Every structure is written in structure tokens, then in C-alpha cells.
Amino acid sequence: MSIFRLCIVVHMLLWALPCGWAQNSLKVDSLQQALKKNISQKEKVNTYNLIAYQYRSADSTLVAYYTNEAIQLAEKIPYPEGIADAYYHLGWITMQKGHYEAASQLYKQGLKIARTNNYYKGVGDAYNGLGGVYFYQGKYAQTLQWFQKSLDAKTKVGDKKGMAATYNNMGEIYRRKGNYPKALEFLGKSYEMNSQIGEKRGMALALNNMGELHQQQGNYPTALEFFQRSLRISLQTENQRIMALNYNNIGLIYRSRGNDSKALEFFEKALRINTHTGDKRAIAGNYNNKGLIFQYEGKYDKALHFFEKALKVNRQIGHQSGVANGFLYLGRLALKQQQPEKAQKYFEKALALQQQIGQQGRSAEVWIDLGVGHYIAQEYAQAETCLTKGVALATKLGNPRIVKDGAEYLAKTYEATQKPWLAYKNLVLFKKMTDSLFNSDNIKKMAQLEYKHMLEKRADSLQMVQAQKQKLAQAAQEKTQMFYNFTFGGLLATLIIGFLVFYYNKQRSNNQKLSEANQAVKQQQKELQTQHNYLEQAYQSIQLLTDIGQEITASLDLDEVLTAIYRHINELMDVTNFGIGLYEPHNDRIIFKLTIVHGKRNQRYPVSTANKNQLVVWCVENSQPIKMGDVQQEYQKYIANIDIEIDRLHNYLMVDLPQSVMYIPLIIQQKTIGVIAVHSYKKNAYSDYHLDLLKNLSLYVAIAVDNAQVYQQLDRKNHDIMESIRYAQRIQQATLPLDSVMQKYLPEHFVLFRPCNVVSGDFYWCEKDRNRVFLVVADCTGHGVPGAFMTMLGVQALSHIIVQSKIHTPDLILFCLDGILRQILKSENTMLREGMDMSLCVIDQEKQILYFAGAKNPLIVVQNGEINEIKGDVYSINGHRQDNDGIEFTTHAIDISVPTTFYMYSDGFQSQFGGEEGKKFMKKRFRELLLETSAYAMPEQKRVLNRALNEWMQVSASGEPGTHEQIDDILVIGVRADAEA
């Protein structure tokens with residue numbers, strides 16, 4: 001009886017809508033015939049439930065009718081298991097209609113009955129249904145809780161089919177939450193268990209979902225492999241729903257590769273099947289995908305039409321995740337139409353809904369899109385915030401595709417806000433992510449998979465024909481055997497003759513069928529060879545293009561990129577003249593950065609876009625390629641007169657006009673950035689193959705040129721800024737005490753000074769007046785350039801207070817310094833609280849007393865092998881405080897008549913991340929290190945501290961950067977105070 005219960009998880013979730021009703025109607029007819037036979041009452045209940053199951057996608061009224069019949073009969077028998085199953089089917093159809101509360105009540109009724117009667121299969125189904133209710137509402141945390149309960153119940157009764165389905169569903173939830181490792185684990189379990197029990201449909205579903213997982217991470221070759229494996233199974237089993245899912249996902253792969261026509265072909269296949277089966281959620285997805293194709297083609301009205309159709313369907317069925325995606329697509333379309341404010345409203349709606357249902361992966365995408373919108377609107381602060389959040393979340397989730405998109409616009413944002421270091425850092429990250437997604441190994445592997453899939457598909461067809469041929473031959477052999485049996489049976493001659501006539505006609509028919517089968521086999525073999533030759537050529541072209549693409553995108557030097565492009569194209573076709581022009585819309589011109597005429601390089605030259613009688617202008621403005629095999633006869637398709645840049649390439653010798661030309665626009669993100677021009681003096685020199693080759697190569701060229709241009713701009717700005725900063729570094733170093741002065745005043749000392757950037761926000765200051773040595777270590781707000789400005793103010797203020805004003809008491813020095821900075825920065829009015837934490841020591845060499853005061857920073861003192869910390873006051877210089885009038889600093893006096901070593905430092909050392917676990921060095925470890933080294937000579941102490949820091953950051957012996965970057969300026973000064981100056 002249990003084998004007829006098909007209440008598995010997958011049919012409830014998105015992933016298991018039934019096949020077309022034409023298939024199910026055959027099963028219903030069979031089941032209805034079974035009701036008329038002499039079967040038991042329990043079997044009738046099971047049959048009613050099975051018929052209800054078959055009607056799920058066709059007629060909810062009939063589902064209600066047959067489940068009601070099942071319940072009434074089951075209550076009479078009694079048969080509680082049948083009642084529980086009926087409630088499950090009723091819950092499912094109610095849930096599909098979007099009535100989630102009512103569906104939940106039906107599932108709970110079934111659960112109560114199943115629990116009472118220890119029907120664990122029914123318990124598992126009810127838990128699964130409740131999980132489905134939460135899934136459709138986008139509440140993934142609760143969904144997982146119910147699915148786990150369902151899995152436990154199914155495991156208890158050994159329901160492997162149900163367990164496999166639940167593994168699949170849990171994997172899908174983890175994928176949607178962005179937990180990809182966990183998702184892959186559960187989908188793998190689902191596939192393995194389905195394989196063990198021979199459940200083909202479950203295997204196809206798990207393979208498809210693993211493909212979607214890899215696709216979402218940008219691993220397109222692996223995704224394509226899973227989709228093709230799933231499609232082979234769905235074709236064999238004639239499972240239309242999974243077939244549609246496969247077609248849709250393969251279409252998305254083609255879209256990612258820029259093959260829009262092929263993508264649209266697969267989307268149409270999926271839409272036809274989903275319309276036939278009535279899968280509304282899948283239909284909405286198909287509408288969105290068609291909208292994306294039209295958006296990429298610049299047909300925005302058509303794109304809007306399909307996006308709105310998809311949104312309407314998702315709203316009708318209460319699909320929250322689909323609604324959120326609809327807002328996302330509409331926002332991106334608005335961006336394409338240069339409507340950033342409208343786009344941001346859509347993105348905010350999408351983000352609110354995504355966060356509400358807990359979809360982290362999609363939330364990361366929305367953060368990036370919000371950032372792009374703010375960037376286009378020139379709202380750079382908001383753009384930086386949104387993009388940073390998106391990149392951080394995508395990095396956490398391990399999604400290189402989203403990281404790539406975010407890094408690209410972070411680089412542009414930092415460039416716009418004059419932060420070249422950060423712009424360059426994100427450009428490097430963008431290139432790294434791009435390489436990981438579109439490297440040659442990936443593209444080659446995709447071509448190999450396509451080739452393999454085509455051959456396997458053809459081989460399957462060939463096997464079918466051969467099987468048919470073998471079947472016909474076997475039938476003929478059986479007929480021959482029948483003839484011999486009749487002969488030896490002693491039948492009458494007339495019967496024998498009659499049979500011989502009959503046999504002869506039958507044999508001739510069989511021979512004709514065998515001949516037709518042979519012809520079919522030959523035709524299949526011929527088509528297979530043709531397909532093999534075509535794919536082999538395509539594969540070789542892909543290999544060639546990806547090798548070239550990898551080379552040119554690996555360089556950020558524009559001239560090197562352009563030269564490499566010419567070299568490779570010249571090897572592929574006849575290129576007498578060649579040029580690459582870059583479009584400058586703000587200057588209304590196309591400037592040819594590289595021109596080759598008869599194999600020799602010419603000077604750069606501009607082409608004005610105001611002159612419409614130039615082929616290159618037509619190509620750029622229309623973003624369409626041009627191919628002509630006879631320029632004199634064909635040019636009027638594009639321009640009125642021959643006034644083209646070819647003239648420039650021939651020194652204006654019109655008699656020497658090329659016969660064949662091709663112009664290919666360089667397009668990146670639907671924006672034309674330049675053009676490739678190739679000329680030949682032979683007629684019809686270029687075929688469609690050459691055109692396709694150049695068009696495909698132009699994708700790589702556009703990326704390489706765009707990257708090189710951005711890098712060139714950043715490099716130029718970075719160079720100028722770095723020159724200024726290096727000059728500032730020389731000025732800052734001049735304000736620090738000379739080594740000779742430090743050695744004179746403090747014979748036993750060391751200074752460990754490691755700025756985080758070129759200039760530092762930490763500084764130290766040393767001066768002597770009579771028998772007193774003044775030593776200061778300060779950590780200013782920020783590091784780099786902002787911190788360096790504060791150090792200049794600090795140095796000047798200290799000189800004024802100590803040297804000119806003769807204020808020598810530590811607490812008064814800090815008090816005066818705080819007042820001067822507040823006055824200079826006008827803190828009361830500007831609310832600028834840029835300041836510094838400081839430790840200040842005054843060494844009275846006659847009295848052998850060390851006076852100390854600290855603004856937040858402490859002093860470490862080692863005497864007689866013991867270490868003590870003297871804390872500074874809680875105030876920073878010019879820091880945040882409620883009562884500025886009540887501020888007081890404290891002077892501490894330390895007897896240094898005994899051997900004493902003391903240390904002053906900023907917080908950079910102890911705050912540095914490192915070690916195996918990537919944690920901070922921390923104050924305790926730093927103090928232990930100081931105590932351990934305090935007995936060493938001062939130069940040795942510095943070496944030990946340096947070595948410890950390098951090991952913590954995992955810096956190599958050669959000084960190469962370590963695993964953990966330095967995060968702050970580091971300054972440590974150690975002094976042995978028992979030596980006389």
C-alpha cells in the first residue's frame with residue numbers, strides 16, 4: 001500500500017511541480033479503472049488519494065472532491081493513515097493557491113492524526129508541508145526547522161525517497177540563504193541517496209540544483225556540466241518540469257557568455273513547457289529572463305513589459321522572493337535608462353523584502369546595485385557605504401561574481417573622490433575576480449562540456465536507431481522460426497502455401513523496415529560526423545580566442561595591450577591596415593591610439609564624430625559591426641560619400657583604397673568605448689567566420705582596453721599624489737629628532753618606528769633644557785596624510801610650550817597642548833575633535849627622578865626584574881568630553897636611582913592582527929615581550945621586537961609583505977635611564 005503514496009517533499013516545493021496533464025491523464029484513467037475492480041476499502045482510499053495527487057496541477061476542485069471521498073471512506077473503515085494523506089494533499093493545493101494560513105491548518109490536522117496513530121511517514125509529510133508554507137513566505141529559518149523535523153521522521157521509518165527529497169529541499173534553502181558549502185553538502189546527499197534507490201527524477205533535480213548553486217557563484221563550466229547531466233535524465237524520463245528548468249538555466253549560461261539569441265531560444269523552450277504545465281512561478285522566471293535579453297539589446301520598452309508581467313504573476317501567487325527580484329530587475333532597468341532616483345526606490349524595496357525573508361546572497365547584490373545607483377547620481381559617500389557592505393557580504397558568502405561587480409564600482413567611486421590607493425586596490429580585486437570567473441580554463445572547459453554533451457546526445461539517438469534495427473532483426477528471426485515449426489508440424493500443403501505467401505509479404509515488409517533503419521543509421525552517422533567537424537572547429541576557435549583573451553586581459557599597459565591585439569589579429573587574417581580607436585564622447589572624437597599601415601606603425605590621429613561620412617563614426621554611433629568585401633560597391637549602405645579614415649591610413653591616396661574592410665565596435669556593459677578597424681586590398685578577403693572571430697575577440701579587447709585605460713588614469717593620478725606625499729614625508733622626517741640628538745640626550749635607547757603608510761600619524765619629540773630631557777610619544781587621530789597634518793601641529797605646539805614658554809611640568813604641558821589644539825582647530829565651533837593620545841616623560845638627571853603624565857597612553861617601567869604600568873589620564877588631547885573646564889592631567893614621579901628601563905608607545909603594536917588565528921597581538925602579550933627583552937642591550941631589544949612583529953604578521957625573511965597587513969602606525973621607544981647623558 002505504501003508504494004502508492006507519492007507524498008514526497010519535492011512536489012510541494014518549487015522544484016517539484018508535476019509534468020504535463022497529458023501524461024497524468026493516463027495515470028488517472030488507470031486509477032479510475034482500479035476503483036471499479038474488486039479492491040479492498042484501504043486500497044480504495046489510497047487510490048482516491050493518488051487520483052487527487054495527479055489532479056494537483058490541473059483542477060483543484062477535483063483534488064478537493066477525491067480527498068473528501070478518501071476522508072469519508074477512511075473514517076468509516078477506520079483508516080487514519082489515509083485521512084492524514086488526504087489532508088496533506090488538501091494542504092498542498094491550498095498552499096499553491098497562496099492561502100498559507102488555511103494550508104497550515106490542514107497540515108496540522110494531518111500531523112495530529114499521524115502522530116496519534118504513530119504514522120511516521122505521515123508525520124514527515126506534514127512537517128514537510130509546514131516547511132513549505134514558510135518557504136513560500138520566504139521565512140527560511142522556520143522552513144529549515146520544519147524540514148529537519150521531516151527528515152528525522154522519514155529517517156526513523158527508513159523512507160529513503162522522502163529523505164532524498166528533504167535533503168534536496170534543505171540544500172535549496174541553504175543556497176538561497178547564501179550558505180553555499182552547506183547547500184552543496186545537502187544536495188550531494190540528495191543525489192547520492194536518489195542514485196542508490198534508482199530515483200531518476202530526484203537525481204535530475206539534485207543535479208539541476210547543484211548547477212544553480214555553481215552558477216550563482218559564477219562557476220559557469222561546472223554549472224553547465226550539471227545542467228546537461230540533469231537534462232539528459234529529464235529527456236530520458238520525459239519529465240517536462242525539470243526539462244523546462246534545465247532549458248531555462250542553460251539559457252542563463254548562454255546569456256552570461258553574451259550569446260543572446262541562443263539564450264532566448266532556450267528561454268522560449270522553457271516558457272512553452274511551463275505554459276503547458278501551468279507552472280506560474282516558472283513562467284514568471286521566464287518572463288524575467290526574456291526581459292533581461294531585451295534590456296541587454298537596448299529594447300527597454302519590451303524589457304519593461306516582461307518585467308512587469310513577471311512581477312504581476314509573482315504578486316498574484318504571493319511569491320515574496322519573486323516580487324523582490326522583480327523590484328531588482330526594474331531598478332536595474334531604470335539605471336540603464338539613466339534614472340538613478342527611480343532605481344534607488346526599487347532597490348530599497350527589494351532590499352527591505354530580501355532582508356525580511358533572510359536571503360543574504362541576493363541582499364549582497366542589492367547593496368551593490370544601490371551603490372551603483374548612488375555612484376551614477378554622484379552621491380559618492382552613500383555609494384561607498386553601500387558598495388562596501390555588498391562586497392563584504394559577498395566575500396563572506398564566497399561569491400566572486402558579486403565581489404567583482406562591487407570592486408569595479410568601488411574603484412570608480414574612490415577614483416572620483418581622489419583616493420587613488422583605494423581605487424587601485426579595488427581595481428586589482430576586480431581583475432582578480434574577473435580572472436577567476438572568465439579565465440581560459442573555464443571557457444575551454446565549457447566548450448569541452450558542450451562538445452561532450454552534443455556527442456552523448458547524438459550517441460543516444462544512434463543507440464536508439466541501432467536498438468530499433470536489432471529489434472526488427474530479432475522479429476524477423478522469430479518469424480523464420482515460426483515457419484519451420486509449422487512446416488515440421490505436418491500442416492496441409494494449402495495452408496503451407498498460404499503461410500508462405502503471408503510470410504513472404506511479412507518478410508519483405510521487415511526487410512524494408514531494416515533497410516529504412518540502416519538508412520537512418522547512416523544518416524545519423526553522417527550528421528554526427530558533420531556535427532563533430534563543426535564542434536571541433538568551434539572548439540579550436542574558442543581555444544584560440546581564450547588564449548588571446550587571457551594574454552591581453554593580463555596586462556594593464558594600454559600600448560602593450562593594443563600591440564598584442566594587432567599581432568594576434570594579423571596572424572588570423574589578412575590585415576594590411578589596422579587601427580584601434582578609443583571613443584571620447586566628451587571631445588566628440590574617436591582617437592586612434594594605434595594605426596598600422598602596410599605593416600608599419602603610424603602616428604596617432606583623431607577622427608571627429610561630427611563627420612558622418614566616415615565608416616568608423618557610423619560603427620561607433622550605431623554600435624554595430626561593418627563587413628564589406630567591395631568597398632566601392634557597398635559603402636553607401638552606411639555612408640553617403642567615401643570620406644573615411646581609410647584616407648588617413650593611406651596618406652590620402654584614394655587610388656589605393658582597400659577593397660575589404662571590417663569595423664567592430666568595442667562594447668562593455670552596453671557602452672561603446674572604441675572600435676577595431678581591419679583593411680585588406682583583396683576583394684572579399686573576410687568571411688563570416690572572420691567576422692564572428694573578430695566579434696568574439698572584441699569582448700576580450702573591450703575588457704582589456706577598459707581596464708588599461710582606468711589603470712592608466714589611476715596610475716597617473718597615483719604618481720602625482722605619491723610625489724606630493726613623498727615630499728610631505730621628507731618634511732615630516734625633518735621635524736623628528738635627529739638620531740645624533742637622541743643619542744646625545746639618551747645614550748641608551750631605541751626607536752622602533754614603522755608608519756602604516758608613507759607618512760605617519762605617530763610621532764616622537766625630544767628636547768633638553770638644562771638637566772632635564774623631555775621625551776614625547778604621540779598617536780594622532782588617523783594615520784597617513786590626515787594623521788601627518790596633526791603631527792606637524794603637535795611638534796610646533798610642543799616647541800612653543802616647552803622651549804619658548806618654559807613650561808616644564810608634564811601635567812601643565814599636556815593641559816596647554818590641549819588648549820592650543822582646541823584653539824587652532826576651533827573645536828568649539830567646528831566640532832573637530834581631531835587630536836592625539838600622548839605619553840610625556842621629563843627625566844631630571846640631577847635628582848634621578850622620572851616625571852610622567854599621559855593623555856590616555858600609559859608608561860611601562862621595569863625595575864629589579866619587575867614590570868609596572870603607570871596609566872595615563874582618561875582624556876585625549878582635544879578629545880571628546882562634556883566639561884572642558886574641569887580637565888586635569890596628573891604628574892607621576894618615579895625614582896630612577898636604581899637601574900630602570902621604561903617604554904613609551906602608541907597602540908599600533910598591540911593592535912596588530914596576526915598569528916595563526918588572525919587575532920590582535922594584545923596588551924598582555926606585548927607587556928610580556930617587553931619584560932622578556934628588558935635585560936638585553938637596547939639595539940638587541942629593537943631587533944627582538946621587530947622580529948616578533950614580523951613573525952606575528954608572517955612577514956618573510958626578505959621583507960616581503962605577510963599574510964596580515966599592517967593596520968596602524970607602530971611606534972615604540974625604549975630608554976635605559978641609569979646611563980648618564
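In the predicted model, helix H25 (residues 558-572) packs against helix H29 (residues 688-735) at an angle of about 170°, and their axes are 9 Å apart. Here axes are lines fitted to C-alpha atoms, for helices over the stretch in contact, and angles run from 0 to 180 degrees between N-to-C directions. H25 and H29 are therefore roughly antiparallel, a term applied to angles over 145 degrees. On the H25 side the contact (heavy atoms within 4.5 Å) involves Leu 558, Val 561, Leu 562, Ile 565, Ile 569 and Leu 572. H29 contributes residues including His 690, Leu 693, Leu 697, Val 701 and Gln 712. Helices (H or I, at least four residues) and strands (E, at least two) are DSSP runs, numbered from the N terminus.

Local features need pLDDT of at least 70 and side-chain atom pairs count only at pLDDT 80 or more, whereas totals for chains, interfaces and linings use all residues. Residues are numbered from 1 along each chain as its sequence is written, and side-chain values use heavy atoms, with hydrogens and water left out.

An open sheet is formed by 5 strands in the order E9-E10-E11-E12-E15, with antiparallel pairing; two strands pair if DSSP finds at least two bridges between them. E9 and strand E15 (892-895) each have a single partner strand and stand at the edges, so one side of each lacks a neighbour in the sheet. From one strand to the next, the twist averages 15°.

Strand E10 (residues 772-780) has 8 of its 9 residues buried, that is, under 20% relative accessible area with a 1.4 Å probe and protein chains only. Strand E9 (residues 762-769) is joined to E10 by 8 bridges in the antiparallel sense; Glu 767 has Phe 774 as its bridge partner, and Lys 768 has Val 773. The hairpin of E9 and E10 has 2 residues between the strands, and Arg 770 takes a positive phi near 60°. E10 also runs antiparallel to strand E11 (residues 836-844), with 9 bridges, and Val 776 has Leu 840 as its bridge partner.

Helix H31 lies across E9, E10 and E11, at about 15° to E9. Helix H32 (residues 810-824) also packs on the sheet, touching E10, E11 and strand E12 (849-855), and its direction makes about 145° with that of E11. Gln 796 is located in H31 (residues 784-804) and, at 55% relative accessibility, counts as exposed (over 50%). The C-alpha atoms of Gln 796 and Thr 735 are 9.0 Å apart, with 61 residues separating the two in sequence.

Terms used
Angles under 35 degrees count as roughly parallel, over 145 as roughly antiparallel, 65 to 115 as roughly perpendicular and the rest as oblique.
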